[in-house]
Amino acid sequence: MQKNRKFYALLTLLCAATLFFVPFLTVKRDNPVTPVNVPVKATEKITKTAPSPASPAEAVAALKAETFTVLHADGKTKSQISCYDFLRFTLAAEMLPSFEPEALKAQAVASYTYFCYEREREKENPQKALCGADFADTPVPFPDGYTAAYWKKKWGDETYDSAMKKLSAAVEAVAGVKITYDGKPILAAYHAISSGKTDGAEAVWAAAVPYLQSVDSAADKNAPDYITTVRFSAEEFKAALNGVSGISLSADPKTWVADDAVRSAAGTVLKQTVGTVALTGKEWRERFGLRSACFSVACKDGGFTFTVKGNGHGVGLSQYGAQFAALDGADYREILYRYYTDVKIE
């Protein structure tokens with residue numbers, strides 16, 4: 001009887017222990033495999049569609065593998081170049097290597113975005129003149145301007161090595177990064193120096209673009225050659241207007257230019273009358289070789305003097321503005337968000 005009591009007591013203890021430990025064994029086995037109430041196949045799908053972000057080395061490798069097809073300066077030949085090399089040489093053409101690294105990064109992203117935009121636009125609406133290339137509007141002649149020999153001749157061998165090392169580092173730091181709006185690469189316009197304020201796209205191209213708005217860039221006033229002057233004799237001024245349809249000039253040069261300039265918020269001339277014809281700011285700039293369309297013109301001593309502010313069309317990223325922002329501690333993302341409105345950098 002005593003033995004039976006000991007046996008039942010031991011059996012009861014074993015049953016209690018089993019009931020206590022089994023639930024913990026079950027949780028420890030199942031949870032690492034499948035979250036609660038999620039089938040195994042669903043878990044596999046989540047893993048496949050949410051890969052980890054590419055490492056910097058992988059991003060650079062992808063940029064080197066990606067290509068642009070570019071039309072040569074002869075307008076007939078086309079060839080491919082890796083996006084990595086294309087961006088390094090484009091950066092060399094667009095900015096001084098002495099600029100701050102964050103300014104160089106901002107320009108690298110803007111350039112990559114701009115030419116990705118060009119490539120996508122060409123795919124959607126192919127132009128016969130491009131002969132199947134993605135674009136032709138490179139900042140230096142292609143392909144000569146996209147070779148080490150071109151830049152070594154321009155800079156010298158020693159400067160080339162140090163400059164290209166710095167430019168390459170900037171491109172690698174932002175490899176694959178683009179500026180997007182509604183999920184697509186933007187028309188990432190850029191210019192050298194603004195008037196102190198950038199223009200909206202409508203002021204230059206007569207069509208508004210939501211992410212190309214007028215923004216302050218007051219530091220540009222500190223840029224080298226922010227203000228330039230160009231002088232023409234009356235004869236030279238008249239010759240520059242050759243071919244303007246319907247134009248008539250009086251005998252007195254002082255009456256040639258009307259004081260009726262229509263300007264954008266940034267000071268860019270939208271229209272101004274010369275003789276009997278109103279020319280756009282772009283037409284004034286092209287005919288007289290001005291650095292920008294933000295100008296005033298005065299007739300004095302039988303000649304004409306243009307006073308010009310800034311350099312370039314004035315829309316989007318200001319390159320000197322980016323440099324001054326970088327000197328003030330801004331990183332490339334802050335710089336880009338300053339000049340492009342309501343965009344994503346990804």
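This is a predicted model: local features need pLDDT of at least 70, side-chain atom pairs count only at pLDDT 80 or more; totals for chains, interfaces and linings use all residues.
Figure 1. The side chain of arginine 88 meets that of aspartate 85 in a salt bridge, with 2.8 Å from N to O. The two residues stand three apart in helix 4 (residues 83–94), so about one helical turn separates them. Aspartate 85 has a relative accessibility of 25% and therefore counts as partly exposed. The charged end of arginine 88 also sits over the ring of phenylalanine 89, 5.5 Å from the centre of that ring.

**Figure 2. A salt bridge between glutamate 66 and arginine 119.** Side chains of opposite charge can pair when their charged atoms come close. Here glutamate 66 forms a salt bridge with arginine 119, and the closest N and O atoms are 2.7 Å apart. This pair links distant parts of the chain, since the two residues are 53 residues apart. Glutamate 66 belongs to the loop between helix 3 (56–65) and strand 1 (67–71), while arginine 119 belongs to helix 5 (residues 101–124). With a relative accessibility of 13%, arginine 119 counts as buried.

Figure 3. Glutamate 118 and arginine 121 are joined by a salt bridge whose closest N and O atoms are 2.7 Å apart. Both residues lie in helix 5, where three residues, or about one turn of the helix, separate them. Glutamate 118 is buried, its relative accessible area being 8%. Arginine 121, by contrast, has a relative accessibility of 41% and counts as partly exposed. The count of salt bridges comes to four.

**Figure 4. Lysine 64 over the ring of tyrosine 84.** The charged end of lysine 64 sits over the ring of tyrosine 84. The distance from this charged end to the centre of the ring is 4.8 Å.

**Figure 5. Aromatic pairs.** A pair of aromatic rings is described by the distance of the centres and the angle of the planes. The structure holds 30 aromatic pairs. One of them, formed by phenylalanine 99 and tyrosine 320, is edge-to-face, with 5.2 Å from centre to centre and 75° between the planes. Phenylalanine 99 lies in the loop between helix 4 and helix 5, and tyrosine 320 lies in helix 11 (residues 319–327), so the pair ties together parts that are 221 residues apart in sequence. Phenylalanine 99 and tyrosine 320 are both buried. Phenylalanine 142 and tyrosine 146 form a tilted pair, with 5.3 Å from centre to centre and 55° between the planes. These two residues, phenylalanine 142 and tyrosine 146, are both buried. They also belong to a cluster linked by ring pairs, which includes Phe68, Phe86, Phe89, Tyr114, Phe115, Phe135 and Tyr190.

**Figure 6. The largest pocket.** Rolling a probe the size of a water molecule over the atoms shows where empty space is left. The largest pocket has a volume of about 440 Å³. Its lining is made up of 28 residues, and those nearest the centre of the pocket are Ala203, Val204, Thr268, Lys282 and Ala293. Helix 8 (201–205), strand 8 (269–274) and helix 10 (281–288) are the elements that give two or more residues to this lining. By class, the lining has 10 nonpolar, 11 polar and seven charged residues.

**Figure 7. The second largest pocket.** About 340 Å³ of space lies in the second largest pocket. Among the residues that line this pocket are Glu94, Asp137, Thr138, Pro139, Trp205 and His313. Tyr114, Phe115 and Tyr190 also belong to the lining of the second largest pocket, and these three are members of the aromatic cluster as well. The lining divides into eight nonpolar, two polar and two charged residues.

**Figure 8. The largest cavity.** A search of the whole structure finds one cavity of 30 Å³ or more. The largest cavity has a volume of about 40 Å³. Its lining includes Leu63, Leu87, Val171, Val174, Ala175, Gly176 and Val177. Ala108, Val109 and Tyr112 line the largest cavity too. Helix 5 gives the most to this lining, with three residues. By class, the lining of the largest cavity has nine nonpolar residues, one polar residue and no charged residues.

Key. Residues are numbered from 1 along each chain as its sequence is written. Side-chain values use heavy atoms; hydrogens and water are left out. Helices (H or I, at least four residues) and strands (E, at least two) are DSSP runs, numbered from the N terminus. Buried means under 20% relative accessible area, exposed over 50%, partly exposed in between (1.4 Å probe, protein chains only). On a 1 Å grid over the protein atoms alone, a cavity is a set of points where a 1.4 Å probe fits but cannot get out, and a pocket is an open set with protein on both sides within 12 Å along at least five of seven lines; lining residues have an atom within 4 Å of a point. Grid points are joined across faces, edges and corners, and a volume is the space filled by probe spheres set on the points. Ala, Val, Leu, Ile, Met, Phe, Trp, Tyr, Cys and Pro count as nonpolar, Asp, Glu, Lys and Arg as charged, and the others, Gly among them, as polar. Rings of Phe, Tyr and Trp (its six-membered ring) pair if their centres lie within 6.5 Å; planes under 30 degrees apart count as stacked, over 60 as edge-to-face and the rest as tilted. A charge sits over a ring if NZ of Lys or CZ of Arg is within 6 Å of the ring centre and within 35 degrees of the ring normal.
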